[in-house]
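Work through the exercises below with the sequence and the 3D structure at hand. Each task is followed by a solution in steps.

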Amino acid sequence: MNGIATRPSLDATPASASTTPDTMRFDMPVDGMSCGSCAARIEKTLAARAGVGTAAVNFATARATLTFDPRRTNPSALADVVRGLGYRVPQQAVDREQARLARNDDVRALARRLVVAAALTSPLAILAMSHGTIAAFESTPMRWLQALLAAPVVFVLGAAFHRGAWKALRQRTADMNMLISVGTSTTYLSSLAALLAPDAFTVPGAHPALHFEAAAVIVTLVLLGRWLEARASARAGAAVLALAQLAPRTAHRLDGDVELDVPVDAITIGALVRVRPGESIPVDGIVVAGSATVDESMLTGESSPIEKAQGDAVHCGTRATNGTLVVRATSIGADSALGRIVRLVEDAQGSKAPIARVADAVARVFTPTVIGIAIVAGALWAAIGPDSAPSSMALLTFTSVLVVACPCALGLATPTAILVGTGRAAASGILFRGGDVLEARRAHRHRRAGQDRHDHAR
């Protein structure tokens with residue numbers, strides 16, 4: 001656990017002082033979200049649950065943070081609500097190192113899919129975008145080659161999008177997977193139909209337009225976006241892990257005259273631990289014997305070591321540069337100063353800036369609205385489009401609207417920016433309480449810049 005205890009997934013903890021004394025806080029990991037609209041849907045459902053005070057679901061951190069009345073509901077029931085929506089809630093806690101390894105595995109898996117998709121899409125785009133300038137590319141074998149190159153990209157490498165769309169359909173909702181799945185599948189299948197029955201899509205004897213490359217390119221671009229997102233999350237998680245790893249994994253516990261090396265998790269309040277020169281202090285506590293200089297730069301920013309002797313307070317993660325100390329533990333693990341800092345950073349990464357809530361509100365209706373616009377646009381082209389190929393133009397218009405709307409920057413950019421920004425700031429010794437502080441700071445800088453320009457103009 002790297003010296004900082006993490007709570008089980010389905011454990012609740014007392015809420016902050018801003019809530020009522022009977023309110024509990026619950027941090028719940030949520031797997032299976034694909035876009036901001038997923039997070040918005042979970043948040044809305046949890047907030048409507050009896051006994052829930054507040055609910056915030058962050059897509060970038062894959063975490064739901066709730067406050068609830070334990071007399072009216074409980075963490076297991078809330079987890080069941082999320083599972084009922086088709087998402088996964090891990091039964092057991094995962095420590096930060098395991099989470100880091102899992103995130104890195106996700107990044108590598110996405111990178112492999114992206115490389116294969118790009119390798120297939122690149123020659124496909126060259127074939128399709130020649131637009132007749134190279135006569136050989138317009139031959140029937142080459143047109144079938146386009147279909148063969150696009151098929152594994154759309155239906156194999158993009159299988160996760162189709163599964164997500166099917167899950168959303170069963171839940172009678174719509175998310176970004178729906179746009180990607182419907183847009184790419186319709187584009188591919190309509191192009192395949194035009195290849196099999198060209199006379200139905202254009203005048204007899206002419207080659208109908210094919211759009212296999214559009215379906216493959218959109219899958220490749222979405223995979224690129226998912227990879228960038230996963231890499232940003234992994235780097236932000238590494239910043240938190242680096243903080244947690246300042247605490248040692250083991251401690252020298254004193255039982256009378258016997259010294260035992262035990263995991264930090266086995267230390268209890270009031271236990272005595274010995275800290276030798278060059279070692280990090282494993283707990284918050286009071287020095288009961290010995291003296292040493294302690295490097296507290298990770299906590300206070302003070303570059304010069306501080307002299308510590310009997311009766312002085314010391315903190316987890318700080319390092320004894322010389323001398324030996326015997327420390328009586330007063331706070332351990334997540335309750336230590338370092339543990340509270342780590343929790344503060346995690347809370348900041350999981351928080352929402354005010355602008356993110358606006359994006360969430362839009363995300364709830366974004367996908368249904370886009371699908372509705374695509375249907376209307378396709379129907380209009382079928383009714384008033386060119387007589388030579390109304391069905392072709394209608395399909396092209398329908399899929400174009402869906403494809404243009406597919407990239408899911410909506411609802412993702414702000415939480416990812418908060419995730420990365422707070423992580424990098426923490427690695428530099430700067431702590432933010434939440435996304436609202438970052439947004440307020442940005443607004444303040446803009447006001448100062450505007451005032452400076454005004455003063456300069458005068």
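**Exercise 1. A residue in a loop**

Find the residues that Thr268 is in contact with, leaving aside its neighbours within four places in sequence.

Solution. 
- Step 1: With those neighbours set aside, Thr268 is in contact with Ala329 and Ile332. The model is a predicted one.
- Step 2: Thr268 sits in the loop that runs between β6 (258–263) and β7 (272–275).
- Step 3: From C-alpha to C-alpha, Thr268 and Gly333 are 9.8 Å apart in space, while in sequence they are 65 residues apart.

**Exercise 2. The chain as a whole**

State how many helices and strands the chain has, and what share of its residues counts as buried.

Solution. 
- Step 1: The secondary structure comes to 13 helices and 11 strands.
- Step 2: The chain has 458 residues, of which 44% count as buried.
- Step 3: Take the contacts in the chain with a separation of 6 or more; residues 24 or more positions apart account for 71% of them.

**Exercise 3. Helices α4 and α6**

Determine how α4 and α6 are oriented to each other and which residues meet in their contact.

Solution. 
- Step 1: The axes of α4 and α6 are 11 Å apart, and the packing angle is about 155°.
- Step 2: Angles over 145 degrees count as roughly antiparallel, and α4 and α6 are therefore roughly antiparallel to each other.
- Step 3: Their crossing is left-handed.
- Step 4: On the α4 side, the contact has Arg143, Trp144, Ala147, Ala150, Ala151, Val154 and Phe155. These meet Thr184, Ser185, Tyr188, Leu189, Leu192, Leu195 and Leu196 of α6.
- Step 5: Sorted by class, the residues of this contact are 11 nonpolar, 2 polar and 1 charged.

**Exercise 4. Helices α5 and α6**

Do the corresponding work for α5 (residues 159–170) and α6 (residues 176–196).

Solution. 
- Step 1: The two axes come within 8 Å and cross at roughly 120°.
- Step 2: Roughly perpendicular covers 65 to 115 degrees and roughly antiparallel is over 145, so α5 and α6 are oblique to each other.
- Step 3: α5 passes α6 in a left-handed crossing.
- Step 4: From α5 come Phe161, His162, Gly164, Ala165, Ala168 and Leu169, and they meet Asn177, Met178, Ile180, Ser181, Thr184 and Ser185 in α6.
- Step 5: This contact has 6 nonpolar and 6 polar residues, and no charged residues.

**Exercise 5. The nonpolar cores**

Which residues have the most contacts inside the largest nonpolar core, and which helix gives the most to this core?

Solution. 
- Step 1: The largest nonpolar core has 29 residues, and Tyr188, Phe212 and Leu223 are those with the most contacts inside it.
- Step 2: At least two residues of this core are supplied by each of α3 (96–128), α4 (140–157), α6 and α7 (212–244).
- Step 3: α7 gives the most, with 10 residues.
- Step 4: Apart from this core lies another, of 22 residues, including Ala39, Phe59, Ala79 and Leu85.
- Step 5: For Leu223, set aside the neighbours within four places in sequence; Leu223 is then in contact with Leu110, Arg113, Leu114, Ala117, Leu157 and Phe161.
- Step 6: As background, nonpolar side chains tend to be buried together in soluble globular proteins.

Technical notes:
Residues numbered from 1 in each chain as written. Predicted model: local features only at pLDDT ≥ 70, side-chain atom pairs only at ≥ 80, totals over all residues. Heavy atoms only, no water. Axes fitted to C-alpha atoms, helices over the stretch in contact; angles between N-to-C directions. Helix = DSSP H or I, 4+ residues; strand = E, 2+ residues; numbered from the N terminus. Parallel < 35°, antiparallel > 145°, perpendicular 65-115°, else oblique. Left-handed = near helix turned anticlockwise from the far one by under 90°. Contact = heavy atoms within 4.5 Å. Nonpolar A, V, L, I, M, F, W, Y, C, P; charged D, E, K, R; others polar. Core = buried A, V, L, I, M, F, W, Y, C linked by side-chain atoms within 4.5 Å. Buried < 20%, exposed > 50% of the residue type's maximum accessible area, 1.4 Å probe, protein only.
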